[in-house]
Amino acid sequence: MSLRKRISLRNSLAFRLTLWYAGIFTLSSCIAFFLFYMLISSWMRDQTDQELSGQVNRFSALLDAEGVEAVKNGAVIEAQAAGVKKVFFRLLSLNGQAFSSSNMSYWKDINVSGAAIKKLLRGRNSVYETITIPDRKEEVRILYALLSPSIILQVGQAMESYSRFLDAFKGIFIATMTLLIIIAAGVGWFMARRAVSGVEAVTRTAQKISGGTLKERVPVKTQGDEIDQLATTFNQMLDRIQTLLIEIKEMSDNMAHDLRSPITRIRGTAEVTLTTGKSLSEYEGMAASTIEECDRLLDMINTMLMISKTESGVDKLSREEIDLTGLVRDACVLFQPPAEDKGVTLSCDVPVRSHLIGDTRMIQRMLSNLLDNAIKYTPSGGTVSVSLSENDEKDVVITVKDTGIGISPSDLPRIFERFYRCDQSRSQAGIGLGLSLARAIARAHGGEITATSTPNQGSTFTATLPKSFPSDAEPSA
Ligand code: ADP
(Lines give C-alpha, C1' and ligand atoms only; values in the text may rest on other atoms or scores of the structure.)
Protein backbone atom coordinates (compact mmCIF):
# COMPACT_ATOMS: atom_id res chain seq x y z
CA MET A 1 0.00 0.00 0.00
CA SER A 2 1.47 3.36 -0.94
CA LEU A 3 2.26 5.91 1.74
CA ARG A 4 -0.19 8.39 0.32
CA LYS A 5 -3.00 5.87 0.36
CA ARG A 6 -2.35 4.98 3.94
CA ILE A 7 -2.63 8.59 5.16
CA SER A 8 -6.17 9.72 4.36
CA LEU A 9 -6.35 12.82 2.19
CA ARG A 10 -8.00 14.87 4.94
CA ASN A 11 -5.20 14.05 7.38
CA SER A 12 -2.40 14.63 4.93
CA LEU A 13 -0.06 17.52 5.59
CA ALA A 14 -0.24 18.60 1.94
CA PHE A 15 -4.04 18.88 2.13
CA ARG A 16 -3.95 20.87 5.35
CA LEU A 17 -1.21 23.17 4.00
CA THR A 18 -3.28 23.76 0.86
CA LEU A 19 -6.34 24.53 2.95
CA TRP A 20 -4.40 27.01 5.06
CA TYR A 21 -2.83 28.57 2.00
CA ALA A 22 -6.18 28.97 0.19
CA GLY A 23 -7.89 30.13 3.41
CA ILE A 24 -5.33 32.83 4.15
CA PHE A 25 -5.35 33.91 0.51
CA THR A 26 -9.17 34.19 0.50
CA LEU A 27 -9.30 36.01 3.83
CA SER A 28 -6.66 38.57 2.90
CA SER A 29 -8.29 39.17 -0.52
CA CYS A 30 -11.69 39.68 1.11
CA ILE A 31 -10.24 42.17 3.58
CA ALA A 32 -8.51 44.02 0.72
CA PHE A 33 -11.76 44.01 -1.29
CA PHE A 34 -13.80 45.23 1.67
CA LEU A 35 -11.41 48.13 2.32
CA PHE A 36 -11.33 49.05 -1.37
CA TYR A 37 -15.12 48.82 -1.61
CA MET A 38 -15.57 51.06 1.43
CA LEU A 39 -13.11 53.58 -0.01
CA ILE A 40 -14.87 53.73 -3.39
CA SER A 41 -18.38 53.97 -1.94
CA SER A 42 -17.31 56.72 0.47
CA TRP A 43 -15.63 58.61 -2.38
CA MET A 44 -18.84 58.27 -4.48
CA ARG A 45 -21.01 59.53 -1.63
CA ASP A 46 -18.71 62.53 -1.24
CA GLN A 47 -19.06 63.25 -4.96
CA THR A 48 -22.87 63.10 -4.70
CA ASP A 49 -22.84 65.30 -1.59
CA GLN A 50 -20.75 67.88 -3.41
CA GLU A 51 -23.19 67.90 -6.33
CA LEU A 52 -26.16 68.26 -3.94
CA SER A 53 -24.54 71.07 -2.02
CA GLY A 54 -23.68 72.77 -5.37
CA GLN A 55 -27.44 72.73 -6.21
CA VAL A 56 -28.27 74.29 -2.82
CA ASN A 57 -25.71 77.06 -3.40
CA ARG A 58 -27.10 77.81 -6.85
CA PHE A 59 -30.73 77.97 -5.60
CA SER A 60 -29.72 80.07 -2.64
CA ALA A 61 -28.05 82.59 -4.98
CA LEU A 62 -31.14 82.51 -7.26
CA LEU A 63 -33.42 83.19 -4.28
CA ASP A 64 -31.30 86.15 -3.24
CA ALA A 65 -31.19 87.52 -6.79
CA GLU A 66 -34.64 86.80 -8.26
CA GLY A 67 -36.97 85.69 -5.48
CA VAL A 68 -38.92 82.54 -4.62
CA GLU A 69 -40.82 82.25 -7.95
CA ALA A 70 -37.55 82.05 -9.84
CA VAL A 71 -36.46 79.24 -7.48
CA LYS A 72 -39.73 77.31 -8.07
CA ASN A 73 -39.30 77.53 -11.86
CA GLY A 74 -35.62 76.83 -11.63
CA ALA A 75 -36.29 73.60 -9.68
CA VAL A 76 -38.64 72.29 -12.37
CA ILE A 77 -36.25 73.20 -15.20
CA GLU A 78 -33.20 71.81 -13.39
CA ALA A 79 -34.94 68.47 -12.69
CA GLN A 80 -36.01 68.16 -16.30
CA ALA A 81 -32.56 69.04 -17.57
CA ALA A 82 -30.84 66.48 -15.34
CA GLY A 83 -33.58 63.89 -15.82
CA VAL A 84 -36.65 63.64 -13.61
CA LYS A 85 -35.66 60.10 -12.64
CA LYS A 86 -32.26 61.33 -11.52
CA VAL A 87 -32.93 64.40 -9.34
CA PHE A 88 -35.87 66.03 -7.65
CA PHE A 89 -36.39 69.28 -5.74
CA ARG A 90 -38.94 70.21 -3.09
CA LEU A 91 -39.40 73.56 -1.46
CA LEU A 92 -40.65 73.20 2.11
CA SER A 93 -41.93 75.56 4.74
CA LEU A 94 -40.44 75.31 8.22
CA ASN A 95 -43.16 72.85 9.37
CA GLY A 96 -42.15 70.45 6.57
CA GLN A 97 -45.08 71.18 4.23
CA ALA A 98 -44.08 71.14 0.54
CA PHE A 99 -45.28 74.27 -1.29
CA SER A 100 -43.49 73.61 -4.58
CA SER A 101 -41.60 70.75 -6.23
CA SER A 102 -40.19 69.40 -9.47
CA ASN A 103 -41.93 66.44 -11.16
CA MET A 104 -42.34 63.97 -8.26
CA SER A 105 -44.20 61.18 -10.07
CA TYR A 106 -41.11 58.97 -9.92
CA TRP A 107 -40.29 59.96 -6.30
CA LYS A 108 -43.77 59.78 -4.76
CA ASP A 109 -42.54 57.27 -2.12
CA ILE A 110 -40.13 59.77 -0.70
CA ASN A 111 -41.48 61.69 2.28
CA VAL A 112 -40.11 64.61 4.18
CA SER A 113 -38.00 63.54 7.16
CA GLY A 114 -39.25 65.20 10.34
CA ALA A 115 -35.96 64.40 12.06
CA ALA A 116 -33.99 66.24 9.38
CA ILE A 117 -36.28 69.32 9.64
CA LYS A 118 -35.81 69.30 13.42
CA LYS A 119 -32.05 69.26 13.03
CA LEU A 120 -32.22 72.23 10.68
CA LEU A 121 -34.44 74.12 13.11
CA ARG A 122 -31.94 73.41 15.88
CA GLY A 123 -29.34 75.34 13.88
CA ARG A 124 -27.74 72.88 11.45
CA ASN A 125 -27.17 74.37 7.94
CA SER A 126 -27.65 71.12 6.07
CA VAL A 127 -28.66 67.52 6.78
CA TYR A 128 -27.79 64.55 4.54
CA GLU A 129 -29.73 61.28 4.40
CA THR A 130 -29.51 58.09 2.36
CA ILE A 131 -32.75 56.16 1.90
CA THR A 132 -33.65 53.07 -0.06
CA ILE A 133 -36.90 52.99 -2.03
CA PRO A 134 -38.27 49.57 -1.01
CA ASP A 135 -39.99 48.62 -4.31
CA ARG A 136 -37.13 49.49 -6.57
CA LYS A 137 -34.32 48.75 -4.07
CA GLU A 138 -32.85 52.01 -5.27
CA GLU A 139 -30.69 54.25 -3.08
CA VAL A 140 -31.29 57.97 -3.00
CA ARG A 141 -29.08 60.58 -1.37
CA ILE A 142 -31.07 63.54 -0.02
CA LEU A 143 -29.93 66.94 1.25
CA TYR A 144 -32.06 69.26 3.39
CA ALA A 145 -30.79 72.84 3.54
CA LEU A 146 -32.17 76.22 4.59
CA LEU A 147 -32.43 78.50 1.54
CA SER A 148 -33.77 81.38 3.63
CA PRO A 149 -34.99 81.63 7.26
CA SER A 150 -38.42 80.33 6.09
CA ILE A 151 -37.65 78.09 3.10
CA ILE A 152 -36.10 74.64 3.19
CA LEU A 153 -34.84 73.00 0.02
CA GLN A 154 -35.06 69.20 -0.17
CA VAL A 155 -32.94 67.96 -3.04
CA GLY A 156 -32.46 64.26 -3.88
CA GLN A 157 -30.24 62.43 -6.30
CA ALA A 158 -30.46 58.80 -7.42
CA MET A 159 -27.35 56.76 -6.58
CA GLU A 160 -28.25 54.25 -9.26
CA SER A 161 -25.21 54.74 -11.48
CA TYR A 162 -22.91 54.47 -8.47
CA SER A 163 -24.76 51.36 -7.26
CA ARG A 164 -24.47 49.85 -10.72
CA PHE A 165 -20.74 50.54 -10.67
CA LEU A 166 -20.35 48.99 -7.20
CA ASP A 167 -22.44 45.96 -8.20
CA ALA A 168 -20.30 45.46 -11.29
CA PHE A 169 -17.21 45.83 -9.12
CA LYS A 170 -18.56 43.22 -6.70
CA GLY A 171 -19.39 40.83 -9.57
CA ILE A 172 -15.97 41.17 -11.17
CA PHE A 173 -14.32 40.70 -7.78
CA ILE A 174 -16.27 37.52 -6.98
CA ALA A 175 -15.58 36.02 -10.43
CA THR A 176 -11.88 36.92 -10.31
CA MET A 177 -11.55 35.74 -6.74
CA THR A 178 -13.20 32.39 -7.45
CA LEU A 179 -10.77 31.84 -10.30
CA LEU A 180 -7.80 33.00 -8.26
CA ILE A 181 -8.76 30.83 -5.27
CA ILE A 182 -8.95 27.78 -7.54
CA ILE A 183 -5.54 28.65 -9.04
CA ALA A 184 -4.10 29.41 -5.57
CA ALA A 185 -5.38 26.10 -4.19
CA GLY A 186 -3.84 24.30 -7.18
CA VAL A 187 -0.50 26.08 -6.75
CA GLY A 188 -0.70 25.52 -2.96
CA TRP A 189 -1.36 21.82 -3.48
CA PHE A 190 1.54 21.55 -5.93
CA MET A 191 3.93 23.37 -3.58
CA ALA A 192 2.78 21.43 -0.50
CA ARG A 193 3.19 18.13 -2.37
CA ARG A 194 6.69 19.14 -3.42
CA ALA A 195 7.55 20.09 0.17
CA VAL A 196 6.25 16.90 1.74
CA SER A 197 7.64 14.63 -0.98
CA GLY A 198 11.03 14.92 0.78
CA VAL A 199 9.48 13.83 4.08
CA GLU A 200 7.79 10.95 2.27
CA ALA A 201 11.17 9.90 0.84
CA VAL A 202 12.56 9.79 4.40
CA THR A 203 9.55 7.77 5.57
CA ARG A 204 9.86 5.36 2.63
CA THR A 205 13.54 4.81 3.43
CA ALA A 206 12.73 4.31 7.12
CA GLN A 207 10.10 1.73 6.11
CA LYS A 208 12.61 -0.14 3.94
CA ILE A 209 15.09 -0.06 6.82
CA SER A 210 12.53 -1.41 9.26
CA GLY A 211 12.12 -4.18 6.68
CA GLY A 212 15.79 -5.02 7.17
CA THR A 213 17.86 -3.12 4.58
CA LEU A 214 20.13 -0.77 6.49
CA LYS A 215 22.03 0.05 3.29
CA GLU A 216 19.16 2.26 2.01
CA ARG A 217 19.76 6.04 1.98
CA VAL A 218 17.42 8.95 1.34
CA PRO A 219 18.23 10.67 -1.97
CA VAL A 220 19.51 14.20 -1.23
CA LYS A 221 18.74 16.95 -3.73
CA THR A 222 21.08 19.89 -4.04
CA GLN A 223 18.69 22.63 -2.99
CA GLY A 224 20.05 22.80 0.55
CA ASP A 225 16.59 23.38 2.04
CA GLU A 226 15.18 22.00 5.30
CA ILE A 227 14.15 18.74 3.65
CA ASP A 228 17.69 18.26 2.30
CA GLN A 229 19.01 18.92 5.79
CA LEU A 230 16.57 16.36 7.20
CA ALA A 231 17.64 13.83 4.57
CA THR A 232 21.35 14.50 5.20
CA THR A 233 20.94 14.21 8.98
CA PHE A 234 18.86 11.04 8.55
CA ASN A 235 21.56 9.54 6.29
CA GLN A 236 24.28 10.53 8.77
CA MET A 237 22.30 8.84 11.53
CA LEU A 238 22.02 5.70 9.38
CA ASP A 239 25.79 5.78 8.70
CA ARG A 240 26.41 6.01 12.43
CA ILE A 241 23.99 3.18 13.22
CA GLN A 242 25.56 1.03 10.51
CA THR A 243 29.07 1.69 11.87
CA LEU A 244 27.89 0.92 15.39
CA LEU A 245 26.28 -2.33 14.25
CA ILE A 246 29.47 -3.35 12.43
CA GLU A 247 31.48 -2.51 15.56
CA ILE A 248 29.08 -4.49 17.77
CA LYS A 249 29.27 -7.43 15.36
CA GLU A 250 33.06 -7.31 15.30
CA MET A 251 33.15 -7.00 19.07
CA SER A 252 30.88 -9.99 19.59
CA ASP A 253 32.92 -11.99 17.03
CA ASN A 254 36.11 -11.11 18.90
CA MET A 255 34.49 -11.86 22.22
CA ALA A 256 33.21 -15.23 21.01
CA HIS A 257 36.68 -16.02 19.74
CA ASP A 258 38.36 -14.94 22.99
CA LEU A 259 35.90 -16.95 25.06
CA ARG A 260 36.13 -20.02 22.85
CA SER A 261 39.93 -20.36 23.07
CA PRO A 262 40.20 -20.85 26.86
CA ILE A 263 37.08 -23.05 26.95
CA THR A 264 38.52 -25.23 24.17
CA ARG A 265 41.77 -25.45 26.11
CA ILE A 266 39.97 -26.43 29.33
CA ARG A 267 37.99 -29.06 27.47
CA GLY A 268 41.07 -30.39 25.68
CA THR A 269 43.08 -30.71 28.88
CA ALA A 270 40.17 -32.41 30.64
CA GLU A 271 39.68 -34.83 27.74
CA VAL A 272 43.38 -35.74 27.51
CA THR A 273 43.58 -36.25 31.29
CA LEU A 274 40.47 -38.42 31.27
CA THR A 275 41.62 -40.63 28.43
CA THR A 276 45.32 -40.87 29.27
CA GLY A 277 45.91 -39.63 32.80
CA LYS A 278 46.06 -42.11 35.58
CA SER A 279 48.10 -40.52 38.33
CA LEU A 280 46.89 -38.02 40.93
CA SER A 281 49.53 -35.50 39.87
CA GLU A 282 48.11 -35.45 36.32
CA TYR A 283 44.63 -34.74 37.69
CA GLU A 284 46.14 -32.00 39.91
CA GLY A 285 47.84 -30.51 36.85
CA MET A 286 44.53 -30.50 35.00
CA ALA A 287 42.78 -28.81 37.94
CA ALA A 288 45.53 -26.17 38.15
CA SER A 289 45.34 -25.33 34.44
CA THR A 290 41.53 -25.26 34.61
CA ILE A 291 41.72 -22.77 37.48
CA GLU A 292 44.21 -20.67 35.52
CA GLU A 293 41.99 -20.59 32.40
CA CYS A 294 38.90 -19.85 34.50
CA ASP A 295 40.74 -16.98 36.18
CA ARG A 296 41.57 -15.60 32.74
CA LEU A 297 37.92 -15.92 31.69
CA LEU A 298 36.73 -14.30 34.90
CA ASP A 299 39.24 -11.53 34.42
CA MET A 300 37.87 -10.89 30.91
CA ILE A 301 34.25 -10.91 32.06
CA ASN A 302 34.99 -8.69 35.06
CA THR A 303 36.91 -6.22 32.89
CA MET A 304 34.00 -6.06 30.44
CA LEU A 305 31.59 -5.43 33.29
CA MET A 306 33.88 -2.78 34.72
CA ILE A 307 34.08 -0.97 31.35
CA SER A 308 30.30 -1.00 30.99
CA LYS A 309 29.74 0.23 34.53
CA THR A 310 32.39 2.93 34.21
CA GLU A 311 31.01 4.13 30.87
CA SER A 312 27.41 4.15 32.04
CA GLY A 313 28.24 5.68 35.43
CA VAL A 314 26.42 2.90 37.30
CA ASP A 315 29.29 2.62 39.76
CA LYS A 316 29.88 6.08 41.21
CA LEU A 317 33.58 6.92 41.40
CA SER A 318 34.94 7.79 44.81
CA ARG A 319 36.31 11.31 45.14
CA GLU A 320 39.52 11.15 47.08
CA GLU A 321 42.45 13.52 47.06
CA ILE A 322 45.09 11.48 45.25
CA ASP A 323 48.81 12.15 45.55
CA LEU A 324 49.40 11.60 41.87
CA THR A 325 53.18 11.98 42.13
CA GLY A 326 53.27 9.14 44.67
CA LEU A 327 50.83 7.05 42.66
CA VAL A 328 52.91 7.32 39.46
CA ARG A 329 56.15 6.59 41.36
CA ASP A 330 54.57 3.52 43.04
CA ALA A 331 53.38 2.23 39.66
CA CYS A 332 56.91 2.61 38.25
CA VAL A 333 58.34 0.71 41.23
CA LEU A 334 55.72 -2.02 40.72
CA PHE A 335 56.50 -2.43 37.02
CA GLN A 336 60.27 -2.23 37.45
CA PRO A 337 60.77 -6.03 37.92
CA PRO A 338 58.77 -7.11 34.79
CA ALA A 339 60.54 -4.39 32.77
CA GLU A 340 63.93 -5.60 33.98
CA ASP A 341 62.97 -9.21 33.24
CA LYS A 342 62.25 -8.16 29.65
CA GLY A 343 65.36 -6.04 29.32
CA VAL A 344 63.37 -2.82 29.00
CA THR A 345 64.54 0.36 30.73
CA LEU A 346 61.71 1.99 32.69
CA SER A 347 62.27 5.65 33.61
CA CYS A 348 59.99 7.75 35.73
CA ASP A 349 60.05 11.55 35.47
CA VAL A 350 57.71 13.15 37.98
CA PRO A 351 59.17 16.54 38.87
CA VAL A 352 55.93 18.23 39.99
CA ARG A 353 53.96 17.51 43.09
CA SER A 354 50.59 16.91 41.73
CA HIS A 355 47.25 16.16 43.30
CA LEU A 356 44.01 15.05 41.79
CA ILE A 357 40.47 14.46 43.00
CA GLY A 358 39.41 11.05 41.80
CA ASP A 359 39.11 7.34 42.40
CA THR A 360 42.55 6.00 43.42
CA ARG A 361 41.86 2.40 42.42
CA MET A 362 40.61 3.41 39.03
CA ILE A 363 43.51 5.76 38.26
CA GLN A 364 45.92 3.01 39.35
CA ARG A 365 44.18 0.60 36.99
CA MET A 366 44.35 3.06 34.10
CA LEU A 367 48.07 3.69 34.63
CA SER A 368 48.80 -0.05 35.07
CA ASN A 369 47.14 -0.83 31.74
CA LEU A 370 49.21 1.81 29.93
CA LEU A 371 52.46 0.68 31.59
CA ASP A 372 51.68 -2.99 31.06
CA ASN A 373 51.12 -2.39 27.33
CA ALA A 374 54.21 -0.22 26.96
CA ILE A 375 56.45 -2.91 28.48
CA LYS A 376 54.60 -5.72 26.69
CA TYR A 377 54.94 -4.15 23.24
CA THR A 378 58.54 -2.93 23.64
CA PRO A 379 61.22 -5.43 22.69
CA SER A 380 64.32 -6.01 24.81
CA GLY A 381 66.71 -3.07 24.80
CA GLY A 382 63.90 -0.52 24.45
CA THR A 383 62.81 2.21 26.81
CA VAL A 384 59.56 3.12 28.51
CA SER A 385 59.34 6.62 30.06
CA VAL A 386 56.57 7.81 32.32
CA SER A 387 56.19 11.52 32.97
CA LEU A 388 53.80 13.73 34.86
CA SER A 389 53.13 17.40 34.23
CA GLU A 390 50.47 20.04 34.75
CA ASN A 391 48.60 21.88 32.07
CA ASP A 392 47.03 25.34 32.68
CA GLU A 393 46.83 24.53 36.41
CA LYS A 394 43.54 22.80 35.59
CA ASP A 395 44.68 19.49 34.16
CA VAL A 396 47.33 16.93 34.96
CA VAL A 397 48.96 15.07 32.09
CA ILE A 398 50.37 11.57 32.44
CA THR A 399 52.46 10.41 29.49
CA VAL A 400 53.62 6.85 28.87
CA LYS A 401 56.10 6.74 26.01
CA ASP A 402 57.80 3.67 24.63
CA THR A 403 60.23 2.75 21.86
CA GLY A 404 58.32 -0.41 21.02
CA ILE A 405 56.72 -1.95 17.95
CA GLY A 406 54.36 0.99 17.39
CA ILE A 407 50.90 0.94 15.86
CA SER A 408 50.05 1.29 12.17
CA PRO A 409 47.99 4.38 11.12
CA SER A 410 45.07 2.11 10.11
CA ASP A 411 44.97 0.44 13.55
CA LEU A 412 45.53 3.59 15.60
CA PRO A 413 41.91 4.89 15.51
CA ARG A 414 40.59 1.48 16.61
CA ILE A 415 42.86 0.45 19.48
CA PHE A 416 40.44 1.82 22.09
CA GLU A 417 37.60 -0.39 20.82
CA ARG A 418 36.68 -3.38 22.93
CA PHE A 419 38.56 -6.58 21.96
CA TYR A 420 40.48 -4.82 19.20
CA ARG A 421 44.03 -6.13 18.87
CA CYS A 422 46.53 -5.18 16.19
CA ASP A 423 47.76 -8.09 14.11
CA GLN A 424 51.41 -7.67 15.03
CA SER A 425 50.62 -7.92 18.75
CA ARG A 426 48.64 -11.16 18.61
CA SER A 427 51.73 -13.13 19.69
CA GLN A 428 51.55 -11.32 23.03
CA ALA A 429 49.14 -12.28 25.79
CA GLY A 430 46.13 -10.01 26.04
CA ILE A 431 42.42 -9.75 25.49
CA GLY A 432 42.09 -6.31 23.91
CA LEU A 433 40.22 -4.68 26.79
CA GLY A 434 43.00 -2.79 28.59
CA LEU A 435 42.83 0.42 26.54
CA SER A 436 39.00 0.43 26.47
CA LEU A 437 38.98 0.34 30.26
CA ALA A 438 41.74 2.98 30.51
CA ARG A 439 39.79 5.37 28.25
CA ALA A 440 36.51 4.69 30.11
CA ILE A 441 38.24 5.55 33.42
CA ALA A 442 39.79 8.75 31.99
CA ARG A 443 36.43 9.85 30.58
CA ALA A 444 34.60 9.04 33.81
CA HIS A 445 37.01 11.48 35.48
CA GLY A 446 36.16 14.12 32.86
CA GLY A 447 39.43 13.53 30.99
CA GLU A 448 40.67 11.76 27.87
CA ILE A 449 43.39 9.44 26.60
CA THR A 450 44.98 9.92 23.20
CA ALA A 451 47.64 7.96 21.38
CA THR A 452 50.26 8.78 18.78
CA SER A 453 52.52 6.18 17.26
CA THR A 454 55.05 5.42 14.55
CA PRO A 455 55.36 1.77 13.53
CA ASN A 456 58.65 0.21 14.64
CA GLN A 457 59.64 3.38 16.50
CA GLY A 458 57.26 3.53 19.43
CA SER A 459 54.03 4.93 20.83
CA THR A 460 53.02 7.67 23.23
CA PHE A 461 49.83 7.48 25.29
CA THR A 462 48.73 10.74 26.94
CA ALA A 463 46.10 10.82 29.68
CA THR A 464 44.79 14.31 30.42
CA LEU A 465 42.74 14.51 33.61
CA PRO A 466 41.13 17.53 35.24
CA LYS A 467 42.37 18.09 38.79
CA SER A 468 38.82 18.02 40.00
CA PHE A 469 35.96 16.51 38.04
CA PRO A 470 32.35 17.54 38.63
CA SER A 471 30.56 14.92 40.75
CA ASP A 472 27.63 14.86 38.33
CA ALA A 473 29.89 14.56 35.22
CA GLU A 474 28.03 12.71 32.48
CA PRO A 475 29.98 9.61 31.63
CA SER A 476 30.79 9.65 27.94
CA ALA A 477 30.64 6.58 25.79
P1 ADP B 1 45.74 -5.95 24.85
O2 ADP B 1 45.22 -6.79 25.96
O3 ADP B 1 45.76 -6.66 23.55
O4 ADP B 1 46.99 -5.29 25.19
P5 ADP B 1 44.65 -3.30 24.83
O6 ADP B 1 43.26 -2.85 24.80
O7 ADP B 1 45.42 -2.88 26.01
O8 ADP B 1 44.60 -4.85 24.66
O9 ADP B 1 45.36 -2.77 23.55
C10 ADP B 1 44.72 -2.95 22.31
C11 ADP B 1 45.77 -3.12 21.22
O12 ADP B 1 46.46 -1.89 21.03
C13 ADP B 1 46.82 -4.09 21.56
O14 ADP B 1 46.45 -5.40 21.21
C15 ADP B 1 48.00 -3.63 20.73
O16 ADP B 1 47.88 -4.13 19.42
C17 ADP B 1 47.81 -2.14 20.69
N18 ADP B 1 48.66 -1.44 21.68
C19 ADP B 1 48.31 -0.99 22.88
N20 ADP B 1 49.36 -0.38 23.50
C21 ADP B 1 50.39 -0.46 22.65
C22 ADP B 1 51.74 -0.02 22.70
N23 ADP B 1 52.25 0.63 23.75
N24 ADP B 1 52.53 -0.28 21.63
C25 ADP B 1 52.04 -0.93 20.55
N26 ADP B 1 50.78 -1.37 20.44
C27 ADP B 1 49.95 -1.14 21.49
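This is a predicted model: local features need pLDDT of at least 70, side-chain atom pairs count only at pLDDT 80 or more; totals for chains, interfaces and linings use all residues.
The patch is formed by Tyr21, Leu179, Leu180, Ile183, Val187, Phe190 and Met191, and together they have about 660 Å² of accessible area. Tyr21 sits in helix H2, residues 13-66, and it is partly exposed, at 38% relative accessible area.

Let's stay with H2 for a moment and turn to charges. The whole structure has 18 salt bridges. In one of them, the side chains of Arg58 and Glu78 meet at 3.3 Å, N to O. Arg58 belongs to H2 and Glu78 to helix H3, residues 68-82, so this pair ties together parts 20 residues apart in sequence. Both ends are partly exposed: Arg58 at 45% relative accessibility, Glu78 at 25%.

Glu271 and Arg267 both lie in H6, four residues apart, about one turn. Their closest N and O atoms are 3.1 Å apart. Glu271 is partly exposed at 42%, while Arg267 is exposed at 55%. Why can such a pair meet? An α-helix has 3.6 residues a turn, so residues three or four places apart point the same way.

Last stop, helix H7, residues 280-312. Its 33 residues reach 47 Å from first C-alpha to last, close to the expected 48 Å. Which of its residues are buried? They are Met286, Glu293, Leu297, Met300, Thr303, Met306, Ile307 and Thr310. Their cover includes helices H6, H9 and H10. Glu293 also belongs to a salt-bridge network with Arg265, Glu292 and Arg296.

Methods: Residues are numbered from 1 along each chain as its sequence is written. Side-chain values use heavy atoms; hydrogens and water are left out. Patches are made of residues with over 30% relative accessible area and no salt bridge: like charges are joined within 9 Å, nonpolar side chains (Val, Leu, Ile, Met, Phe, Trp, Tyr) within 5 Å. Accessible areas come from the Shrake-Rupley method with a 1.4 Å probe; for residues, only the protein chains shown count as cover. A salt bridge is a side-chain nitrogen of Lys or Arg within 4 Å of a carboxyl oxygen of Asp or Glu. Helices (H or I, at least four residues) and strands (E, at least two) are DSSP runs, numbered from the N terminus. Buried means under 20% relative accessible area, exposed over 50%, partly exposed in between (1.4 Å probe, protein chains only). The expected span of a helix is 1.5 Å times one less than its number of residues. Contact means heavy atoms within 4.5 Å.
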